Amino acid sequence: MSPMRLSLEMLNAAKQSEFIRLLDGTYEHSPWIAERAWAKRPFRTHAALKLGLIEVVRDAGRDVQLALIRAHPELAGKAMVAQALTSESTQEQGKAGLTQCTPDEFERIQKLNGDYNARFGFPFILAVRGPRGTGLGKDEIIATFARRLENHPEFEFEEALRNIHRIAEIRLDDKFGFVPELGNLVWDWAERLAQHSDPGYAEKGQLTVTYLTDAHRACAQRLSHWMREDCGFDSVEIDAVGNVVGVYHGKDPAARRLLTGSHYDTVRNGGKYDGRLGIFVAMACVRELARSGKRLPFGFEVVGFAEEEGQRYKAAFLGSGALVGHFESHWLEQKDADGVTMRQAMERAGLCIADIPKLAREAARYLGFVEVHIEQGPVLNEIDLPLGIVTSINGAVRYVGEVIGMASHAGTTPMNRRRDAAAAVAELVLFVRKRAAAVPNLVGTVGMLEVPAGSINVVPGLCRFSLDIRATTNEVRDACAKDVLAHLGQICEREGVRYRIEETMRAAAAPSAAPWQQRWEQAVESLGLPLHRMPSGAGHDAMKLHELMPQAMLFVRGLNSGISHNPLEGVTNNDTELAVRALQNLLSQLATELA
């Protein structure tokens with residue numbers, strides 16, 4: 001006899017004792033969480049229930065949270081050997097293969113358990129069923145164990161709680177008999193597309209897809225196939241710059257369209273979700289529309305942009321730029337590391353360069369542009385929210401510079417007679433940090449520092465550096481840049497050194513269009529989630545489309561502290577499910593407005 005499936009109706013109607021019983025085992029040996037969450041009823045959605053339980057833990061205080069962590073067993077530890085695990089933990093560790101460890105694996109895990117407990121004072125917690133819910137491999141578990149052993153204790157405490165909440169989320173899904181089918185679909189597409197990677201990286205198991213390589217062209221073909229055969233788009237093409245363009249017509253094929261999408265190229269040794277998540281979420285929405293035979297009062301155009309990262313050629317946002325009529329002809333003569341020009345790469349890919357100007361869209365044909373994107377930062381991860389509303393894409397300015405002093409003997413040059421180029425730049429780094437921290441939503445970074453031909457016994461005579469300043473408005477960005485450059489001049493005058501600096505990039509801020517941001521907000525609220533509004537510090541294709549039409553973005557929480565441009569970049573199937581549902585909600589809202 002199969003166990004009774006939970007429902008929100010049952011939980012919302014339950015007395016406190018019954019509520020606790022129904023949620024028994026969701027959190028390991030911790031019925032107090034359900035006891036306190038009972039007062040938060042009624043829960044409108046599964047997402048609201050999960051968040052309610054998380055809030056109880058968040059409000060419980062440090063000592064109670066520590067007790068919750070310590071209530072969990074070690075991985076492949078004494079409780080497993082003694083067969084004293086709860087049924088939930090037994091199933092989870094079994095799915096991950098931890099009950100069938102080799103002697104070497106078991107010894108390695110025991111050593112890690114001991115080292116981890118000694119360092120942090122609590123057991124290592126990992127949601128071993130993983131982001132897809134089907135179980136991590138033992139090698140991945142051991143690698144994660146070793147990596148997290150190096151974390152700061154405070155960070156690791158919070159990471160343990162985040163993994164406990166993920167364990168609880170999967171257990172709740174089991175209790176409800178809920179399968180995030182659309183989230184799984186998107187997650188699986190990402191895994192399959194990641195099978196294509198450039199030579200030199202593929203052999204190492206690394207993901208790198210740069211503009212018009214064989215791997216890049218294979219990705220375009222795979223996306224085209226899925227759009228056409230699996231999702232039911234009415235038309236699919238690869239355009240003159242390599243963008244994959246799928247159109248799902250509205251009730252009237254001539255109706256204005258909503259544009260969406262993101263990029264499918266990657267940085268070198270990058271992650272599977274940056275850019276691609278936004279393509280897949282939109283594809284899943286079209287798949288559901290086509291399967292139900294539903295047509296909207298507007299067309300839906302999904303674009304997989306061919307190039308955003310600027311990795312092979314210095315032409316970032318090439319794909320989305322072409323849609324706003326921005327393609328520089330001199331880009332065609334740029335050469336990659338192997339001496340292949342962009343023109344040659346396009347010709348080899350069978351692209352028609354003469355058609356590039358025809359890609360420019362007419363604003364009057366479009367309602368706007370929306371983009372779903374992985375956050376690429378730690379904020380949503382830290383506040384335990386799956387989705388965030390983007391208020392603006394930060395404007396950015398970048399410089400490269402150098403300070404020129406005098407190289408001299410480290411032992412014979414008195415401190416008050418040095419012309420130390422590196423010391424001057426070090427002072428600038430600290431000023432940038434202080435100046436940016438003084439203003440909300442302003443960030444400043446010196447990401448590159450170099451002392452050419454430096455030596456341990458030589459006062460640096462030259463120091464090269466980069467400077468990156470970003471803010472939600474151009475005015476805040478420019479005020480910071482002005483202050484930083486003025487301070488650089490003051491430092492150099494005082495230290496008897498000189499400087500050269502060159503502006504290499506300037507991008508305007510792209511505030512979200514209020515009506516579109518509000519549609520995202522309503523879409524997220526419909527899921528039973530609170531709203532978290534946030535700026536985007538990274539650039540996105542939406543920045544380019546902003547030049548032509550109103551735009552707004554939705555962020556999806558990333559795993560591993562939201563790391564991106566990194567193999568550790570990740571999302572869960574549940575969060576991805578919510579992203580698809582949010583976009584579906586937005587489409588429904590728009591359909592109602594235009595009906």
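When I say contact, I mean heavy atoms within 4.5 Å. Please keep in mind that this is a predicted model.

Setting aside neighbours within four places in sequence, leucine 193 has contacts with Cys219, Arg222, Leu223, Trp226, Arg276 and Phe280. One of these, leucine 223, is 30 residues away along the chain, and its C-alpha atom lies 8.2 Å from that of leucine 193. Is leucine 193 buried or exposed? Its relative accessibility is 0%, and buried means under 20%, so leucine 193 counts as buried.

Two packed helices are described by the angle between their axes and the distance between the axes. For α11, residues 181-193, and α13, residues 276-292, the angle is about 130° and the axes are 10 Å apart. The two helices are therefore oblique to each other. Their crossing is right-handed.

Which residues of α11 and α13 meet? From α11 we have Leu182, Leu185, Val186, Trp189, Ala190 and Leu193. On the α13 side, the residues are Arg276, Leu277, Phe280, Val281, Met283, Ala284, Arg287 and Glu288. Sorted by class, that contact holds eleven nonpolar residues and three charged ones, with no polar residues. Arg276 and Phe280 were also in the contact list of leucine 193.

Now the strands, with β2 as the reference. Strand β2 covers residues 244-248, and five of the five are buried, so the strand is largely enclosed by the rest of the structure. In a regular strand the side chains alternate between the two faces of the sheet. Here, Val244, Gly246 and Tyr248 point one way from β2, while Val245 and Val247 point the other way. Both sets are buried.

What does β2 pair with? One partner is β1, residues 235-238, which runs antiparallel to β2 and is joined to it by four bridges. Within that pairing, glutamate 237 has valine 245 of β2 as its bridge partner. The hairpin of β1 and β2 has five residues between the strands, and there glycine 242 takes a positive phi near 100°.

Another partner is β4, residues 299-305, paired with β2 in the antiparallel sense over five bridges. Valine 245 turns up again here, standing opposite valine 303 in β4. To put valine 245 together, then: glutamate 237 is its bridge partner, valine 303 stands opposite it in β4, and it is buried.

That's what I have for today.

Note on methods
Residues are numbered from 1 along each chain as its sequence is written. This is a predicted model: local features need pLDDT of at least 70, side-chain atom pairs count only at pLDDT 80 or more; totals for chains, interfaces and linings use all residues. Side-chain values use heavy atoms; hydrogens and water are left out. Axes are lines fitted to C-alpha atoms, for helices over the stretch in contact, and angles run from 0 to 180 degrees between N-to-C directions. Angles under 35 degrees count as roughly parallel, over 145 as roughly antiparallel, 65 to 115 as roughly perpendicular and the rest as oblique. A crossing is left-handed if the near helix is turned anticlockwise from the far one by less than a right angle, and right-handed if clockwise. Ala, Val, Leu, Ile, Met, Phe, Trp, Tyr, Cys and Pro count as nonpolar, Asp, Glu, Lys and Arg as charged, and the others, Gly among them, as polar. Buried means under 20% relative accessible area, exposed over 50%, partly exposed in between (1.4 Å probe, protein chains only). Two strands pair if DSSP finds at least two bridges between them.
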